[in-house]
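Hello,

Here is the structure I promised to pass on. Please look it over first; my notes follow below.

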Amino acid sequence: MAFSFFGGVHPKENKWYACDKEIQEFPAPDFLVIPMSQHIGAPCKPLVKKGDLVTVGQKIGDNQGLCVPVHASVSGKVKVVEARPHTSGTTVMSVVIENDHQYTLCPDIQPRTQEQVDALTAEELISIIREGGVVGMGGATFPTHAKISSGLGKVDTIIVNAGECEPYITSDDRLCREMPEKVISGLKLLMRIFGLKEGHIGIEDNKPEAVKALKAHLAASDGIHVDVLPAKYPQGAEKQLIYAITGREVPSGGLPAAVGCAVFNAATCKAIHDVVYDGMPLIKRVVTVSGDVVMEPKNLLVPIGTNFNDLVNACGHSENPYKVLSGGPMMGAAQYDLAVPVIKGVNAVTVLGRKNEFAVEDPRCLRCGKCIDACPMKLMPVLMYKALQSNDVEEMKANNVMDCIECGCCAYTCPASVPLVLGFKVAKQLIRNAAAAAKK
Amino acid sequence: MAQMKYFYELTISSSPHAHSPVTTQTIMRDVLIALAPALVGSIYFFGFRALTVTLVSVAACVFFEWAYCKLTKNHCKIYDLSACVTGVLLAFVCPVTIPYWTIILGDLFAIVLVKMLFGGLGHNIVNPALAGRAFLFSWPVLMSTWVKVGFENAAGLISSADAVTAATPLANMHQGLMPEASIADLFFGNVGGCLGETSALLLLIGFGYLLYRNVITARIPLSYMGTVAVLAFLFPLGNDRIAWTAAQLFGGGLMLGAIFMATDYVTSPVTKLGQIVYGIGCGVLTILIRYFGGYSEGVSYAILVMNCCVVLLDRIGRPVKFGAPKKEAAKQ
């Protein structure tokens with residue numbers, strides 16, 4: 001059963017740049033910067049100090065509360081622990097490791113046999129997933145163990161998000177083509193934890209190879225459905241994906257668990273498999289390095305902590321980059337410094353040339369209404385923006401600014417290039433500020 | 001620690017970093033392309049002066065917008081072509097005999113008073129071209145000197161004094177008579193009337209192009225034309241209902257107004273239901289003015305009045321947001 005969500009846009013997919021490039025192991029550089037905050041929630045406290053020796057997979061940061069630990073992705077010496085640039089645009093406390101190129105494995109890392117895995121209880125599995133540092137790898141980086149724990153008893157449908165609707169990005173596509181068994185294995189573990197007989201894999205119809213590979217590894221008895229959905233941005237947005245597969249609408253301001261759903265990214269499923277079977281925490285991830293000025297687009301298996309500059313240089317660029325994005329062009333964050341490291345949520349580094357410039361001076365809304373037709377949340381961006389321009393917080397709230405998922409459909413489609421998403425980010429902050437001021 | 005070295009400047013901005021190829025300029029360009037068949041037609045029907053009037057009007061509109069921006073030190077956006085569209089549309093709703101000074105005055109009124117003083121493109125309340133036309137009716141004789149169609153007529157047409165006046169179909173119908181011209185003439189445009197409004201066929205070709213290019217939807221034009229057709233059919237003044245309905249549809253400025261003026265993004269509602277109500281309102285007002293007004297043409301005033309209701313029409317038919325609570329959904 002497939003439903004078509006309202007709105008959406010069809011940006012140029014540009015997947016051909018990298019979709020046929022096999023995943024290559026990217027050699028770890030001499031220095032790796034591992035931020036203590038790679039997830040939503042409390043940042044980790046560093047467990048190592050300058051001069052300490054670390055091994056591959058060793059836990060180097062952890063904290064209480066909503067937090068997952070981070071691990072060393074190489075062995076070597078801790079060079080320094082200090083604040084370093086982060087993909088979020090700020091600086092974050094990070095452990096800098098000097099790579100000794102020995103790749104000494106941490107003794108705690110022990111693979112499990114199928115029998116051992118079968119003997120694990122749901123609680124044990126959740127704890128293993130937490131200790132493995134697994135977070136949502138589609139970009140939101142919500143701690144996976146917390147998503148599972150909060151959904152236990154409420155969730156009746158698990159969906160693996162292999163939608164990957166952002167242009168250029170092919171990391172999940174390659175993962176499903178090359179390691180479908182690991183993605184499926186991760187999903188089966190999740191089904192076991194939730195005690196469910198069925199699972200769904202949502203994928204866009206522009207990835208026929210990945211669909212074939214997944215189906216080839218599925219038996220009817222697995223109870224796993226591959227839902228092939230029409231390619232439309234933002235098909236991979238959580239709420240839209242749930243609607244497309246189940247027809248359920250996640251209530252405004254609510255979580256997917258409210259309609260009995262839990263969504264996990266394909267890369268997250270692979271990470272769950274790795275930590276449960278191989279004992280290997282999340283220290284590497286697939287990153288698509290692509291873009292219209294990249295000479296040789298690649299899908300790379302990158303150690304967490306590798307800086308963007310090394311990745312961009314490894315792929316080359318034909319002209320000076322205009323923007324370097326962490327993620328894809330629709331929702332990715334533009335970086336001001338290529339010293340930022342790859343973290344758990346970075347699925348792509350997209351390098352765009354000058355011809356992607358579209359900002360105009362003094363943009364003027366035409367009231368054409370194209371943003372209304374494009375908004376997958378069925379909002380009215382034209383009126384939301386007008387409320388922002390008149391600085392009317394009540395009107396912003398009344399026009400449901402807080403429901404905006406910042407997918408970028410409106411701004412993509414706006415003929416006048418009005419910076420709508422930027423405006424709504426500002427508007428949300430104004431609403432939060434007003435709420436905080438009202439409390440005082 | 002090895003220092004990162006790179007020798008280029010990176011731009012940072014909010015997402016998204018991709019944009020659709022459709023811009024204000026391409027939309028306005030498409031509107032101009034859609035108006036081209038009607039312009040060619042009017043040159044054929046009324047002679048070369050149709051072209052010069054249009055070009056003078058476009059040049060004046062662009063100049064006034066540029067001059068206004070220079071004088072007020074605003075960012076000049078004449079490249080978005082919206083002033084060109086206003087220029088063409090104002091020329092299209094004037095008789096071909098209009099003196100150049102008159103249309104230039106109309107352009108000044110449309111661009112400076114109606115558009116720029118309200119804040120420029122996107123902020124005007126009423127359609128500049130129609131407001132310009134309404135203003136020009138301060139010279140009613142100049143605005144209603146209709147020339148007969150035909151080459152021998154048009155060739156000698158240097159000044160308005162040379163015009164051979166002719167009754168327009170709407171003037172006939174205003175008196176409760178069927179127009180002198182046949183329905184076919186009305187459809188193909190072989191009748192007296194404003195410069196660009198006479199040929200329903202050529203305007204419909206432009207309509208098709210705008211729909212094909214996704215510039216406009218059919219909601220406003222169809223609800224507008226449909227309302228006029230239904231009312232004309234229900235309350236015919238002649239003996240032949242069908243002919244009367246066709247004459248109401250193809251005579252006068254209805255096609256031009258419904259396809260190119262009422263659909264002006266800036267001055268029409270953004271919600272789907274609002275657009276349909278707006279079209280129906282335009283239709284009802286057009287018929288009321290045509291039947292009971294002192295002046296035979298109703299389209300321009302009908303649209304101007306409905307332009308002023310847009311702020312209210314924007315409030316109806318708002319989409320129910322994704323994930324709205326059931327109660328709220330039912331209420332909306």
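**What I found**

Chain A has 14 helices and 17 strands; helices (H or I, at least four residues) and strands (E, at least two) are DSSP runs, numbered from the N terminus. The radius of gyration of chain A is 22 Å, close to the 22 Å from the globule rule for 440 residues, so chain A is as compact as a globular protein of that length. (That radius is taken over C-alpha atoms, and the rule is 2.2 Å times the number of residues to the power 0.38.) The C-alpha trace of chain A spans about 65 × 50 × 50 Å along its principal axes.

A note on the basis: this is a predicted model, where local features need pLDDT of at least 70, side-chain atom pairs count only at pLDDT 80 or more, and totals for chains, interfaces and linings use all residues. Residues are numbered from 1 along each chain as its sequence is written, with chains lettered from A and ligands numbered from 1 in the order in which they are written.

Chain B has 17 helices and zero strands. Buried residues make up 56% of the 440 in chain A. In chain B, 52% of the 332 residues count as buried. Buried means 20 or more other C-beta atoms within 10 Å of the residue's own; exposed means 12 or fewer, partly exposed in between, with C-beta atoms placed from the backbone.

**The sheet in chain A**

Four strands of chain A form an open sheet, in the order S11-S10-S9-S12, with parallel pairing. Strands pair if DSSP finds at least two bridges between them. Strands S11 (224-229) and S12 (261-265) of chain A are at the edges with a single partner strand each, so one side of each has no neighbour in the sheet. S9 (residues 157-162) and S10 (residues 199-204) of chain A pair over four bridges. A:Ala162 sits opposite A:Ile203 in S10(A).

**The cores**

A nonpolar core is a set of buried Ala, Val, Leu, Ile, Met, Phe, Trp, Tyr and Cys residues joined through C-beta atoms within 7 Å. The largest has 142 residues, and A:Val287 and A:Met384 have the most contacts inside it. Helix H8 (residues 266-278) of chain A gives the most to this core: seven residues.

Best wishes
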